[in-house]
Amino acid sequence: MAGRTGARVLALPPETVLKHPVATLRDIDATLEPDAVWVLGRSREPTAAARVRHTVDAPVIHPPLETGDDPLSRRSIGDELAFAVARSASALRAGDGIRSALDRNEDEREVDALICDDIATTTRPTALETTLDHAAELAAALPTGRTTTVLSGGLPAGYDERWHVNAETGTVRTVEHDPLLSPDSVANDCVAVRVRGAGPVDGYGGPNAVVELEFAADGLVSSTSHAASDFGLEAISGIGPKTAGRLAECGVTTRSELLETPVAALADVEGIGPKSARRMYRHATVLETGEPRRVGDASLPGEHWSTPPLCLDIETDGLSPTIIWQIGVYDPSTDTYRAFVERDDPADRASVLRAFCDWLLGIHPDRALLTWNGWGFDYRHLGAFVARHCPAYAAEWESIPKFDLYLWADGDDNALLPGRTNELDVVAAELGYDGAATGLDGARTAAAYQRFMRTGDESELEWDRHKAYCEDDCRALWHVYERLRDAPQVSVSAGSSASGAASSSSTAEQASGEQTGLGDF
């Protein structure tokens, strides 16, 4: 996978494992390429663990099934990771055994984290307080005077707080809501527990139940949640759980099996019909081959203009931004990139906008802009910020032609895109874009700038790295544009009466007289 920076652990709730077919689990494994799979759960789920072990070519950790005489087992993941795994919170009571497991032996690497799914937090609204479950057990088990990272599927991915617990009493002294900004010092009579969540962000039964944990040499770097429906048959447009179930009854459980099924046979499945069957086949072909298709004859935005549009991307301090602190623009006609960055005064909302508008209107007054989901984010916030902070340019900003490649492709159904999602980095990687591997995403850049806003310390941001991330998005956007420009077109009405067997070779189909209904693939 493009941009990989270290070891990857996949956290899966048992419900997700048991609810989806083996073919979906295999697709998750092939797509995310985990170094280990952690089957979450506070209770034993041997069926789910066995299903993953049978399906995935990686070590499987399911804490309630960890065996051995010690209260803690040690699991090494290649040469890059080592975990101490507690079967339950009660196992933490054997403090001496826990401490020895966490200490590095001469022939072993240091343990990166303790895994215990019982660790969670409890909020008492009436008391306006949040407590750390099993704080006393952690205080008895963990070494004093230093920080120990504890990973728990009982908390959602992205949860990251450090709790300071009195080693003798188990009472919480303080909690740091932003460990990255906190000093590393820990009192000698205190246990510091940095609790990191690994569970689904919307509950075990929610859609985003596949959590990808990325580790580097200094510990857990990031967590990314995926919907299980981004994989397997359900990744195909028009196929949900019910349709996937009906297809499975017909012996179709994978995309390759769908492509081997005559389109007429797919159309006969309850709830599908000819039009949906053709679209499913087209999208399955795109996902399997990694080659996009243009649907119909609609032109790409600005495709026939004399000068190509400028590729635009912005960075903010969050999804509801208070500042646009970076604006990046890539010019395909000269293969040059320009960045406008506010790195001096995070309270200054106007400087970056004014510099960008001066450059755009002064140097490129007749150029159009191109974004990926710009009408959902970039254009929407730029328009509001220009109107508020640079009102002299508001009318000119509104008059600039603005294109949204994502809206054209997906929203207007003009193209079929490869990739488990339609996120820009995923689509670009599937289309062969070799990214800069900055290890950043929008959430991380926003969080970094938030810290800068709070502290005023420039060292909180690696400016060149964040500029490279924004530039990478702009160049990835143009790469997708070029691939879509050169992609073959498929007629929206192709082969409505065809019923032959599907095949990856349209030439062979035409020679034999058997058609899939998609002869222009």
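In this predicted model, Glu315 stands opposite Gln326 of strand S17. Strand S16, residues 310-316, and strand S17, residues 324-331, run antiparallel to each other and are joined by six bridges.

Helix H11, which covers residues 378-389, packs on this sheet. H11 touches S16, S17, S20 and strand S19 (369-371), and the direction of the helix makes about 70° with that of S16. Helix H16, residues 463-486, also packs on the sheet. The strands touched by H16 are S16, S17, S18 and S19, and its direction makes about 45° with that of S17.

The sheet as a whole is open and has five strands, in the order S18-S17-S16-S19-S20, with mixed pairing. Its edges are formed by strand S18 (336-341) and strand S20 (402-404), each of which pairs on one side only. On average, neighbouring strands in the sheet are turned by 25° against each other, direction ignored.

Another open sheet has three strands, ordered S21-S15-S22, and its pairing is mixed as well. Strand S21 (415-416) and strand S22 (489-490) are at the edges; each has a single partner strand, so one side of each has no neighbour in the sheet. Strand S15, residues 293-295, pairs with S21 in the antiparallel sense over two bridges. Within this pairing, Arg293 has Leu416 in S21 as its bridge partner.

Notes:
Residues numbered from 1 in each chain as written. Predicted model: local features only at pLDDT ≥ 70, side-chain atom pairs only at ≥ 80, totals over all residues. Heavy atoms only, no water. Pairing = 2+ DSSP bridges. Helix = DSSP H or I, 4+ residues; strand = E, 2+ residues; numbered from the N terminus. Axes fitted to C-alpha atoms, helices over the stretch in contact; angles between N-to-C directions. Contact = heavy atoms within 4.5 Å.
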